[in-house]
Every structure is written in C-alpha cells, then in structure tokens.
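I opened this entry to keep track of what I looked up, in the order I looked it up. The structure comes first, then the notes.

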Protein chains: 2
Amino acid sequence: MKRAGSPTQAVSHAAAVAVDASHADAALIALDWGTTSLRAYLYDASGNVLATRASTAGIMNLPRSAEQGGFDAAFDDACGAWLEHAPAAPVIAAGMVGSAQGWLEAPYVDTPASADALVAGIVRVKAACGVTLHIVPGVLQRGELPNVMRGEETQIFGALGEETNTADSGKRALIGLPGTHAKWAVVQADRIERFHTFMTGEVFAALREHTILGRTMLTPDLPDTGAFLHGVNIAREKGQAGVLATVFSSRTLGLTGQLSREQQPDYLSGLLIGHELAGLDAVLAQQQSALAGQSLRLIGNEALCERYRLALAQFGCTQAELVKHATERGLWRVASQAGLVQPAAKTARA
Amino acid sequence: MKRAGSPTQAVSHAAAVAVDASHADAALIALDWGTTSLRAYLYDASGNVLATRASTAGIMNLPRSAEQGGFDAAFDDACGAWLEHAPAAPVIAAGMVGSAQGWLEAPYVDTPASADALVAGIVRVKAACGVTLHIVPGVLQRGELPNVMRGEETQIFGALGEETNTADSGKRALIGLPGTHAKWAVVQADRIERFHTFMTGEVFAALREHTILGRTMLTPDLPDTGAFLHGVNIAREKGQAGVLATVFSSRTLGLTGQLSREQQPDYLSGLLIGHELAGLDAVLAQQQSALAGQSLRLIGNEALCERYRLALAQFGCTQAELVKHATERGLWRVASQAGLVQPAAKTARA
C-alpha cells in the first residue's frame with residue numbers, strides 16, 4: 001500500500017556521470033518531487049526518457065533543512081551531473097515541492113482544471129546554481145469536503161496524453177491512483193472535473209502499527225489473495241456499519257480461529273480497499289454512474305494496482321487498465337504545453 | 001475518547017489501611033480488571049460501596065510479568081488491606097483478566113447471553129494469598145463479523161439491574177458504551193441479544209498521533225462543540241464516501257482556512273462519532289429500528305457520554321440517559337446471582 005512509483009534507489013554521482021556523457025541531446029529535466037521521495041527524468045527532444053534518478057530526498061526528508069539550502073542540495077544531487085552536460089535544459093517539477101512546505105508555493109488551481117490552467121499556474125524558483133525550476137501547481141476542489149492533489153494532476157494528464165484531440169477526449173473518464181492517499185478523479189473534456197481522496201494506505205499503516213489489530217498479525221511469506229478478497233467482500237456485502245466496525249473483525253476472526261495471524265494483514269487490506277470502492281460506488285451513484293461495467297484507468301505501483309483490479313472485479317468492474325509511465329508522460333506534456341520544449345517528433349513516443 | 005471509568009489514582013497502602021478499619025462488615029470485593037487499569041470495589045452486605053481503589057495495573061501493565069506473579073502482586077496491592085480486615089469476603093472480577101492474556105481464561109459465553117449464563121461460565125483462580133477469585137466470562141457473538149466483549153457485559157447487567165423482574169424487562173433496549181472500542185448492545189428479556197463494536201476511540205488516537213491529520217492539529221483550551229457537531233453532521237449528511245474519505249477533510253478544511261488548527265481535533269472526533277452513529281443507524285434499519293425517536297442508555301465516562309448525547313440528538317435521538325455506577329452494580333448483581341453474597345437488603349441500594 002505504498003505510494004505509486006519506482007523503487008527508491010540511492011543516487012550515485014559516479015554512475016550518473018558515466019551515463020550522462022551520452023545525453024548531449026537532453027531537452028528537458030523533470031522532477032516528481034513528493035513528501036518522501038524525489039524522482040528525476042531526463043528527456044530527449046522527442047520526449048523519450050534518456051535516464052532516471054531516484055532518491056529519498058522528499059520535501060520532508062531533505063539532506064539538510066530548507067533554510068540551509070536543503071532544496072538546492074537535493075536538486076544538485078539528483079540533477080547536477082545532467083546539468084553539467086546540458087546547462088540550458090529547462091527544468092519542470094510537480095508534487096509537494098509546490099506546497100506551502102515546498103521550495104516555493106504554487107497556489108492550487110481550482111476544479112474543473114485543464115492542462116492549460118496548470119500551465120498558467122506555474123511558478124518559477126531560481127536555484128543557487130542559476131537554473132530556473134518551473135513548479136506545476138496542484139488542484140483544489142472547493143466545498144464542504146474540499147479535496148487537494150499535488151503531483152497526481154500531472155500523472156492524470158500523462159495518462160490522458162495519448163487521447164488528446166481524439167474522439168475520446170469528450171468522454172467522461174474515471175482514473176484511480178491507489179496509494180497512501182488514494183485519489184479517484186473524474187475527467188471530462190480533458191479537464192479534471194472532480195475527485196475524491198481516500199486515506200486508505202495511511203489508515204492501513206496506522207491500524208497495523210498503532211492499534212490492537214496489529215498485535216495479532218504476522219506478515220505472510222506471500223500475499224494471501226483469498227484473505228484479501230474475503231476482506232473486500234465483507235466490506236462490499238456486510239459493510240453497512242462502516243469501516244470503524246468491520247475492522248474489528250480482523251481481530252475477532254482470529255479469536256474464533258477463522259483467520260490465521262498471517263491472513264490478517266491481507267484481510268484488513270481487503271477490508272479497507274473494499275470500503276474505499278464501496279464509498280466510491282456510492283458517490284458515483286449520486287452522479288448516475290457506477291463501478292459495475294465501468295471502464296477505468298489505474299496509475300501507480302503495479303502490484304498495488306493489481307490488488308485494486310482484483311477488488312474492482314468484485315464490484316463488477318472488469319475493465320481496469322494500468323497506465324504505465326503516467327508521471328513522466330505528464331511532466332513532458334505540461335512542459336510542452338508551457339512552451340518549455342518543442343515536441344517536434346511527438347509521434348516517436350506512441 | 002478514553003475508556004469509561006473513574007480517574008486513575010495511585011494506590012496508597014497507608015491511606016487504605018486507615019479507611020479499612022471501618023469496613024468490618026465487608027461482604028464482597030469486586031474487580032473491574034481491564035487492559036490498562038484495575039478498579040476495585042468493597043461492598044457491605046446491602047450492596048453499598050464502602051470503598052474503591054484504582055490503579056494502572058491493567059493486564060498489559062502489571063507491576064511485574066505474569067510468570068513472576070504479576071497478577072498476585074497487582075491483586076495484593078489493590079485489595080490486600082481490605083482482605084486483612086475481611087479475609088472471608090468473596091472476590092469477583094470481570095474484564096480482560098479473564099482473557100487468554102489474563103490471569104485465567106474464562107471462555108466466552110455465546111449470545112444471546114443472560115446473567116445466569118455468565119454465572120455458569122465463571123472460572124475460579126486461587127491467588128497466592130489463598131483467596132479465590134471468581135472471574136466472569138465475556139460474551140461472543142459468532143458469525144461472519146464476530147464480536148466480543150469482556151467487562152462490558154457486566155456493566156450492561158448493572159445498567160439493567162434496576163428493572164429486572166419488572167414490566168420493562170421484556171422490552172428491547174439499546175445500550176451504548178462509548179470508548180476506545182465503543183460497544184452498542186441490543187438487550188431483550190434480560191439477555192444480550194447482539195452487539196456491535198466500533199473502534200472509534202482507538203482509530204481517533206491512531207489518526208491523530210500517527211497520520212498526517214495530526215500534524216496540523218493543536219489542542220484547544222476548551223472542547224469546541226461547534227467543530228464537533230460540524231464533524232457529526234458532515235458524517236451524517238455527506239458521509240456516503242465513508243470515513244476513509246471524510247477524514248481527509250480535517251486537513252483540507254484547514255488548508256482552505258475553513259477550520260483552525262485548534263478546531264481540527266474536535267471536528268475529527270465529531271466525524272468519527274458521526275460515522276459510528278450512522279453505521280449503527282444502518283444496522284438498526286436492518287432490524288426495523290432507528291436511532292430517531294429511540295430511548296437508549298449510555299454507560300461510561302461522563303464527558304464522553306455527553307458528547308455522544310449531543311451527537312445522538314443530530315440523529316433525532318434525544319432520550320439518551322447516562323447510567324451511573326453500572327460497573328459496580330453489575331459486579332454486585334453477578335455476585336448475587338452466583339450466590340457469593342446474600343442480598344438481604346437490596347432495596348437499600350435503590
């Protein structure tokens with residue numbers, strides 16, 4: 001139940017320099033800079049990714065404090081070698097780096113939000129090395145239950161990228177981004193119309209690590225799909241009392257011998273994802289829609305998306321397509337739309 | 001959102017001995033022995049409580065390990081002085097002391113559970129000092145979502161005690177026990193027919209202390225009833241997406257300036273209690289019942305029960321009566337029914 005993304009790896013200057021010698025045609029550097037991780041992408045002029053870098057230098061995990069130049073240090077560490085070879089490459093960044101706790105705040109763009117609105121909301125910050133970062137804003141949905149995203153808006157436009165200006169672009173699309181804070185967005189006419197946040201991943205971790213439920217759990221050698229689907233279906237069919245009630249069954253099914261200690265983590269995960277999807281189904285119903293028969297897209301960690309596909313099938317949704325590389329595609333698309341790069345040979349990325 | 005009960009106080013031997021000189025007519029010692037606390041009551045032959053003791057020596061917090069005589073040490077510390085003056089007083093105990101992690105396991109009694117069934121399930125353990133403790137079993141409701149209670153069953157029979165053998169005893173009654181693991185029990189014909197558990201208090205603590213929601217919170221000087229009721233009503237009216245979604249609004253309402261940092265704890269508490277009551281209402285509806293117009297009883301910490309009364313009123317339930325002393329009444333009742341005491345002058349307790 002981790003945030004979407006590639007596995008974290010230590011940044012190695014030596015390795016990067018060796019690779020960078022071949023990146024003379026670098027056209028864009030893009031950053032997906034979140035709370036606990038930083039991923040960097042180097043593109044050629046056709047939008048092909050030449051190299052990627054990943055570190056744990058998220059905005060809450062900088063190598064030193066922001067006041068002591070922590071953002072500059074993390075940026076230099078991730079992209080310094082690339083910039084030596086391509087000092088004129090434009091730099092774009094999305095994610096929590098644009099939050100109030102980030103490098104420079106990029107105020108939220110209201111829903112419905114188009115890619116053009118994101119471009120208009122870009123803020124610029126000059127790094128100590130002289131390079132200008134273009135920071136993409138997040139999206140805010142106002143109301144009694146406001147919602148915010150930072151980073152996911154760029155992934156969503158990456159997932160939509162291929163169908164822009166096609167017959168599909170007017171259709172209503174549902175996009176799910178499983179993770180710590182799972183997002184579900186309704187997109188229409190190439191705009192993020194509305195979205196919902198479910199704290200599924202973070203609540204799972206808090207319940208497992210900091211409540212009585214974790215005390216009887218053991219981590220299984222392999223994920224137990226049966227226990228997971230059991231949880232999904234309890235939430236779907238017997239979840240009327242709500243998640244505050246059903247989660248207690250992770251313990252009581254253990255007490256009655258119906259669930260082993262090793263099965264309890266997957267069962268609890270299934271319960272929470274089942275409640276998330278039941279809640280999503282309930283709000284879709286208010287919009288004369290439903291998960292059953294829905295054709296939707298998922299963005300994120302492949303193993304986690306696979307669990308969601310299994311869970312979605314229990315709700316009658318069997319067409320959930322995993323969109324790969326949505327982050328790097330989205331960053332490229334926003335940079336193109338902002339005029340930072342001239343996508344001369346866009347078809348090369350199809 | 002603490003477990004029901006009187007404030008914890010250090011046990012003082014010196015003070016206890018001074019008081020005990022007047023307890024020559026002691027007829028029963030009773031213990032409410034939970035996970036994190038131990039409360040002891042000394043009764044006269046009419047069931048009046050002569051003295052109480054409280055310590056933090058719950059079964060997970062013994063002065064030394066169980067293998068090293070931790071249960072004996074805690075028992076002696078709480079009741080040793082009383083037993084010196086009344087060595088023949090029978091001793092009864094309820095709560096987690098009868099769990100698999102307790103002093104001696106008292107296997108659960110199945111629902112529907114009468115006080116007679118509890119009596120039949122009592123197990124006896126001999127303390128090192130020679131005294132026999134009579135441990136009351138908990139109650140188990142089997143099924144796809146099993147439920148368990150230990151200690152609450154005794155409180156419930158304490159709350160019902162006054163109406164036994166009256167015209168009221170055949171009526172269906174709803175009893176709520178707010179707390180770490182809130183319980184709602186349906187009682188009919190003096191039996192616990194079924195019950196539900198909501199992990200409201202423990203989930204609140206986990207969300208506040210171990211998720212992003214706590215980071216923007218500040219503790220207010222005084223509880224903010226407006227923020228609390230705001231949360232209750234969001235859960236009641238706009239809670240369709242479920243608690244995994246609505247809790248995120250505690251953060252986003254802060255980001256949009258609609259909720260101050262000091263208001264966020266009470267708002268989140270209201271959200272969770274609102275979801276609990278909405279979930280309870282949903283399961284009552286399956287039994288052709290509802291919170292609206294319901295006359296129910298609450299057992300537990302007075303301040304917390306008062307919050308529940310405010311929340312219940314939002315659901316149209318304006319008759320929620322706080323039952324005081326349910327624990328000590330329940331222990332006395334089960335001891336009487338078990339023949340440990342002869343309630344010669346029961347009317348003196350009315």
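Contact, as I use it here, means that the C-beta atoms of two residues, placed from the backbone, lie within 7 Å. This is a predicted model, so I note the limits: local features need pLDDT of at least 70, side-chain atom pairs count only at pLDDT 80 or more, and totals for chains, interfaces and linings use all residues. Residues are numbered from 1 along each chain as its sequence is written, and chains are lettered from A and ligands numbered from 1 in the order in which they are written.

**Entry 1: the interface**

For the elements I took helices (H or I, at least four residues) and strands (E, at least two) as DSSP runs, numbered from the N terminus.

**Entry 2: symmetry**

I checked how the copies relate, with superposition by least squares on the C-alpha atoms of residues with pLDDT of at least 70 in both. Chain B can be laid on chain A with an RMSD of 0.0 Å by a turn of 180° and a shift of 0.0 Å along the axis. That is the relation of a two-fold axis. In chain B, the C-alpha nearest the axis belongs to B:A206, 2.9 Å from it. The same surface serves both copies, as 100% of the contact residues of chain B recur in chain A.

**Entry 3: helix 5 against helix 5**

I fitted axes as lines to C-alpha atoms, for helices over the stretch in contact, with angles from 0 to 180 degrees between N-to-C directions. The axes of helix 5 (residues 200–210) of chain A and helix 5 of chain B come within 10 Å and cross at roughly 110°. The two helices are therefore roughly perpendicular to each other (65 to 115 degrees). Chain A contributes A:A206, A:L207, A:E209 and A:H210, and chain B contributes B:A206, B:L207 and B:H210.

I counted twelve helices and 15 strands in chain A. A residue is buried if 20 or more other C-beta atoms, placed from the backbone, lie within 10 Å of its own. Buried residues make up 53% of the 350 residues in chain A.

I found A:A57 in the loop between strand 3 (49–55) and helix 2 (70–85) of chain A. A:A57 is buried, with 21 other C-beta atoms within 10 Å. Not counting residues up to four places away in sequence, A:A57 touches A:L38, A:L62, A:P63, A:A74 and A:D77.

I placed B:V109 in strand 5 (residues 109–110) of chain B. B:V109 counts as buried, with 21 C-beta neighbours inside 10 Å. Leaving aside neighbours within four places in sequence, B:V109 is in contact with B:A117, B:L118, B:G121, B:P137 and B:V139.

Methods: Parallel < 35°, antiparallel > 145°, perpendicular 65-115°, else oblique. Buried ≥ 20, exposed ≤ 12 C-beta atoms within 10 Å, placed from the backbone.
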